[in-house]
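Visitor: I'm new to this one. Can you walk me through it?
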Amino acid sequence: MLKFALKRFLGAWPTLLIMIAIAFFMIRVAPGGPFDSERKLPPEIEARMLQAYHLDEPLYQQFGRYLAGLLKGDFGPSFQYKEYSVSELVMAGFPVSLRLGGLAMLLALVVGVSAGTIAALRQNTRTDYAVMAVSMTGISIPNFVMAPLLILFFAVFLGWLPAGGLGDGSAANLVLPVISLALPQIAYISRLTRGSMIEVLHSNFIRTARAKGLPERLVILRHAIKPALLPVVSYLGPATAAIITGSVVIEQIFGVPGLGRFFVQGALNRDYTLVLGVVIFYGVLIIVFNFFVDMIYALLDPRVKY
Amino acid sequence: MITLIRSGLPTLLLSLCLACAAAGCVDSETGSGAKPAPPPPEDGVVLRKGNGGEPDSLDPQRSEETSAADILRDLYEGLMAETPDGSLAPGVAERWEISDDGRVYTFYLRADARWSNGDPVVAEDFVAGMQRAVNPATGSAYGQLLQAVEGALDVVAGRQPPDVLGVRALSDRVLEIRLVEPTPYFLEILHHSTAYPVHRQSLAEFGDRFARPGNQVSNGAFMLDDWVVQSHVKLRKNPYYRDADNVAIDTVYYLHIEEPSAELKRYRAGELDYTLTLPNNQFAWIKENLPDDLVLGPFASVYYYQFSLDNAPFDDPRLRQALTMAIDREIIVDKVTGVGEIAAYSFVPVAVSNYQAAQFPWQDWPPERRLAEARRLYAEAGYSEKNPLQVELFYNTSENHKKIALAISAMWKQALGVRARPTNLEFKVLLQQRLDGSRWQVMRMGWVGDYNDANTFLEIFHSTHGQNDPGFANPEYDRLLAEAGQTLDPVRRLELLQAAERRLLSEYPVMPIYFSVVKRLVKPWVLGYRPNGLDHNYSKYLSIDTAARGF
């Protein structure tokens, strides 16, 4: 186990470096630069700005400078938000995104697993069909359609919840973004749980458990649920990625000041360092998360040995 | 099995889920069914404004985005200011004298002008601000706005140190500005953020970070309280402001909402008192459902297409004229944009004061005559049904730009048989393309006046101006503008500017399409709001009927 963990840890570094390199050079391929604006800068001032941010140096030199900065934990200054450094912006946005994403994930797991289980236990009944129909709808309707509908209904018509922003940070502001972000995941997870639960309920060890006279609730809770959750656990990695990419859209729609919004605005503004900062941050997050998923897998499935 | 489902696992999981919802997602204080919570009582009388995007900076000399402009107008006060309807008003300067040759301005500063920490605002603070604006090390995009001041262009170009700038403090309360030539609109420039003073001690202490919350000391009606990036900027009333007794608002929130449709939703949900703009595609709905909140007014902004004059066949003025005449601007403003825009037959918008725009001579022709002339010119330029003009039309990605581009392509096709390919480019890509005249043919562009004078529109087609994308170089045009810049007699100056505009229009380097409108929603409890031509808005002129709003 420890050896596996160490191997994964060492393997993460080249992945990270390749990711940084691709992101660094890809964003430079996009035409236009951070200082192109509708009002053209006088050439002398533009030259001064490029020099100040070392953008006049050859690209490989800039890359070296950037990597050297990263080693010191310095993500560089933001080109667009002139008074902030990228680290400050990432640190301001991350807690918000984490709260949003974490709650969405939690909601998706709790609701998805319960709905999937109910459907499996009542296979081919109306409940089952209803749960599956709802989840199919959840998968088919993209969140950029669902989110404005939720705003219109709950914020504009009913006036129950805020239409956007983070306000004073109260939880009410997070309800709609969390639900919009969680809905597609609820749908996936409930389908996954249902499928695997049905399969598990037909397996021999469940029959044995029932045969030895265990009450049905113990059969499910003690024996069926662990193996039935395995596909859900393996889906956690992709789900995290989906929640992160989903939050880019959701944060934009709800005006939630998280990392996703920086990513979108940064890309449009050619704020190279900000985009890179967000990419690296998310990259590290996904690598770490996948690592934990592998570990959980080992705990849940006695057949997996590292 | 059935008992299990009724009582066991699902109940457990569902209650878990409800527990999560209760703990994490529903605000326990406001409870369910409550309206969005009003701001905390210590905020006093609150105004909540939509601000579009995130401000790039709240440093008056470094900021260049319009998303920072109104915030800076609340935070700072220049030598000059504006009235609610946008006319020139005294700011920190209580009076001023202009020398007979129009080249030396002497400003007398108010004795009661104070920074938000109580320090007096002195002439040296303005000297520091303007020197900082032209200093290339600051990287100000607007430094050139001060080009009328002696030495400004040399300093911007790095040929001279900032202290040669012709701005001097004669005493704490007397400031002298020397100009290169009499510049009749000079006072208008002095309420632009570029010419704001800086609090020198904070600048010395914090350097380029002096404008951040906690560091910033400002001299306007408000001061910076907080800035949550990607969310809002919060301003508090400045108790030291000279006219603080007449400022009715205690706290202003500027909420950063890029999408007009998202802004509308938040307005409808009661989270905003005042929007920045409106989504065009919901205008009909707004007109029907929120007629009392809707405010429209002329805006000093022109929407136009420009031709690359270096790029054949657009070097032929007959072709440019044919294309300009072949579109029906009334249809575009009525059916395509439809928010009350004004069809443009000149380049200088109608909202610009003290100016009568020169017009295209064919403005009032009946459509048949206009189209016949367009066809004649098109044929003269060497095109016909069999040999149609093929043109690529660039616009930056936006629903509105796309609709207009499609309408214009269709009008060209119908009237002349032109085959236009409207192509959308991301904004930064469009800006990159325009740098090289050989890489584009026709391109959408827009211009908003920096100050209330025709010069801010006409000067961009001076042969040496950085904004002159078409590459229009006409010695007579340059001469007329230069002469207007030196003419103090307003009547003569108007004639010169009109002559320059006529010259510009007769060469067709650009095809004006419409003049935009100021369009926003303002709640009925916001009192004192009036739209103005530059869309410069000061929160100090507004007040709130708190009884009507409920807080």
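Predicted model: local features only at pLDDT ≥ 70, side-chain atom pairs only at ≥ 80, totals over all residues.

Visitor: At what angle do α9(A) and α10(A) pack?
Guide: At about 90°. Angles of 65 to 115 degrees count as roughly perpendicular, so α9(A) and α10(A) are roughly perpendicular to each other.

Visitor: Which residues make that contact?
Guide: From α9(A), Val248(A), Glu251(A) and Gln252(A). From α10(A), Leu259(A), Gly260(A), Arg261(A), Val264(A) and Gln265(A).

Visitor: And by class?
Guide: The contact of α9(A) with α10(A) has 3 nonpolar, 3 polar and 2 charged residues.

Visitor: New topic. How many residues does each chain put into the contact between chains?
Guide: Chain A gives 69 residues and chain B gives 70 residues. The area buried between them is about 6,100 Å². Carbon and sulfur atoms give 59% of that area.

Visitor: How many salt bridges are there across the interface?
Guide: There are 7 between chain A and chain B. Separately, look at Arg212(B) and Glu88(A): their side chains meet in a salt bridge, 2.7 Å from N to O.

Visitor: Now sheets. What is the strand order in the open sheet of chain B?
Guide: β1-β10-β9-β8, 4 strands with mixed pairing. The edge strands are β1 (46–50) and β8 (222–228), and each pairs on one side only. The twist averages 20° from one strand to the next.

Visitor: Is β1(B) parallel or antiparallel to β10(B)?
Guide: Parallel, over 5 bridges, with β10(B) covering residues 251–255. Arg48(B) stands opposite Tyr253(B) in β10(B).

How values were computed
Residues numbered from 1 in each chain as written. Chains lettered and ligands numbered in written order. Heavy atoms only, no water. Pairing = 2+ DSSP bridges. Helix = DSSP H or I, 4+ residues; strand = E, 2+ residues; numbered from the N terminus. Axes fitted to C-alpha atoms, helices over the stretch in contact; angles between N-to-C directions. Parallel < 35°, antiparallel > 145°, perpendicular 65-115°, else oblique. Contact = heavy atoms within 4.5 Å. Nonpolar A, V, L, I, M, F, W, Y, C, P; charged D, E, K, R; others polar. Buried area = accessible area lost by both parts, 1.4 Å probe. Salt bridge = Lys/Arg side-chain N within 4 Å of Asp/Glu carboxyl O.
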